[in-house]
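Thanks for coming, everyone. Let me put the structure up, and then we'll walk through two parts of it.

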Amino acid sequence: MSGEPFIVHPLAVAHICADLKMDDATICAALLHDVLEDSSVAREELVSLFGEEVVQLVEGITKLKLDFNPASREEVQIENYRRFFIAVARDIRVVILKLADRLHNMRTLKYQYRDKKEEIARETLEIYAPLAHRLGMAAIQVELENLSLFFLEPETYLNLQRKVERIKKEREQQIKVAEEILRERLRAAGISAEIQSRFKHIYSIYRKISRQNVRVEELHDLVAMRVITNAVSECYAVLGIVHELWSPVEGRFKDYIAVPKSNMYQSLHTTVIGPAGKPMEIQIRTWDMHRTAEYGIAAHWKYKEGKKLGEKDVFDERINWLRQILEWQQDLKSTREFMDDLKISLFDDEVYVFTPKGDLKKLPRGSTPIDFAYLIHTEVGNSCIGAKVNNKIVPLDYQLRSGDIVEILTSRSSSGPSPDWLSMCKTPGARNRIRAFLRKKNREINLKKGKKAFDKEMSKYTLSPAQESLVSANLKKFLEDNSLKTLEDLYIAIGEGRYSARRVINRIIPYSIRKHFLDRRKSSPGIFRRGEEAVIIQGASGLEVKLARCCAPLPGDPICGFVTRGKGITVHRGNCPNLRRNSFSKDRVLEAEWDRSVEALFPVGVVVEAVDRPKLLADVSGVVSNCQLEIKAVKAHSSGVEARIHFVVEVHDREELLRLLGALKEVKSVKVVRRGGVISAK
Ligand SMILES: Nc1nc2c(ncn2[C@@H]2O[C@H](COP(=O)(O)OP(=O)(O)O)[C@@H](OP(=O)(O)OP(=O)(O)O)[C@H]2O)c(=O)[nH]1
């Protein structure tokens, strides 16, 4: 636009970066900063010539687009700050490059068309100057502001400049008198310090008079005295001398050394009534502070001048700066103000927080330290036992705010996340990892539990090698049939209650083998469980359950529970006449079913009607014992012709009873065999 060769602009930007004492990579990137966007040179080529670091900087500046739209300033500005902040966090050099680029564009703005000029100047004032201020780069900020005002309101600018020139002369005279007095006193006190005059820049004057609605003449700080010392202690010594010489104006002393500004600015400010009887502003700072006041973050590179800026150092610089911004704030409030100022808290659905080392982390709004912990690392999440935010312990459901410095407290002996953490986190990442942990933990618990139940059940049987191989073949088949891959899966399934250990054992150890052990156990009461335990009553727990003696229900029979007057429950067969007789009180009848995993013996009555004959009773009891059963009670009656035998046996289930009934029907002269109630022993 200026008609100058294209190379002039990148050279000038590189020059600005060099003035700021930036490192080689930054200066190199300044020279190349438009290459990726404005030419056909490929990234790879650039990398092979200048290396990855330089190319990343070039890409950074190409990508860091700060929009300007006067119509929706608020949102656009928020978005700009967001991008800026992230860019700062990634690589501060990109932002410095961006500012250098803009500064040169402003210096050559006169070559632009009028409309374009205004737009660029406004954008500079709205976006770039405030950014420079945030980074403490006052030298650039001042130049950007003055140039913007000059292009936006040339007349105002020139008018102000003329007025200031006039007043300045007179003020400078007064300051000079004061300077001499102070210089003498400092010499006497043995303090070597430089005394300068600082002139308020035009835009700052413009801002102040338009905000306070005053005339230029009324500003007492158009010219201020600036004292630059070698050490911090000397700053306070100078302050002492100044206050001794001239009376300080109340409320105008500021100690930005003890409490630096968020952009790292440090100085002592005071206003005194000078020798001419007029207010006089004095700024006192060390040379280090002076560099920071002028160049801000860029000055921090200069500190490391002697040292080569390796990648590690660059990184350290970046995090140091962020840490300082946040930690230098003695009180949390000013950090908060800084962040609020950045409008970060307005970013609709995100919060930006820091690790104790200063790394920036982005999380959805409403996130808690748990989300943060899992964002750092799964292990950090799993071993988290608490959290500190800005050095204070907070509950785990604390909602993180932008600017928070979050530290996760971990312990190796932590028992891991608990299920209630699921309701305390916001990110799917944290939630999934907590679920995975709980699943694994439950898996281990269930595995142990299932194995214990299985082993306990198994220990009831002592198997011969031949039986053992049969059982392990059956076990393999059982696993296959139930799509269980390993024995462990079976244990877990048992632990979870999907199978009962006894049911599995019943399936894999044939009845013919088990029977042997069961028979033995019959003579040792107490191992077997009571039949009542095999009944599950829907919706009733804790009530005493009894098996009805009238119909003697067996596993395999449909059953119902009947609530008795004594509040217990009697379990009847579904078709028991006694139950039907009471069925008008429907609400006393409860659904019931068998828990087939409970193995028990159930007493049941059997009625045999036959034509009486000698040895009938002996034959009947022979059949019973052939079926491996035992008669517990018997009542026999004979009319001489007809005989009726009613006895009680204990069986495992309905099938076992049906087998017995079938066998009894085969007995000679038997006419009818049917189930009966339980009778007492004769
Ligand atoms: N570099 C730098 N200087 C600061 C900063 N804050 C204050 N100052 C210096 O102190 C002057 C007074 O600023 P105020 O904001 O009024 O300070 P106050 O706390 O003493 O009221 C500024 O004048 P000014 O009119 O705002 O600026 P200038 O024209 O002197 O540059 C500037 O010289 C800062 O963050 N960075």
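Which residues of H19 are buried? They are Ala430, Ile434, Leu438, Asn446, Gly450, Phe454 and Glu457. Buried here means under 20% relative accessible area, with a 1.4 Å probe and protein chains only.

A word on the source. This is a predicted model, where local features need pLDDT of at least 70, side-chain atom pairs count only at pLDDT 80 or more, and totals for chains, interfaces and linings use all residues. Residues are numbered from 1 along each chain as its sequence is written, and side-chain values use heavy atoms, leaving out hydrogens and water.

Back to helix H19, residues 428–458. Helices (H or I, at least four residues) and strands (E, at least two) are DSSP runs, numbered from the N terminus. H19 has 31 residues and reaches 43 Å from its first C-alpha to its last. That is close to the 45 Å expected at 1.5 Å a residue; the expected span is 1.5 Å times one less than the number of residues. What covers its buried residues includes helices H17 (369–376), H21 (487–496) and H22 (501–508).

Now the sheet. 4 strands form an open, antiparallel sheet, in the order E17-E18-E16-E19. Strands pair if DSSP finds at least two bridges between them. E17 (631–638) and E19 (670–676) are the edge strands, each pairing on one side only. E16 (602–611) and E19 pair over 6 bridges. Glu609 stands opposite Val672 in E19.

Last, a helix on that sheet. Helix H26 (654–665) packs there, touching E16, E18 and E19. Contact means heavy atoms within 4.5 Å.

Conventions. Axes fitted to C-alpha atoms, helices over the stretch in contact; angles between N-to-C directions. Buried < 20%, exposed > 50% of the residue type's maximum accessible area, 1.4 Å probe, protein only.
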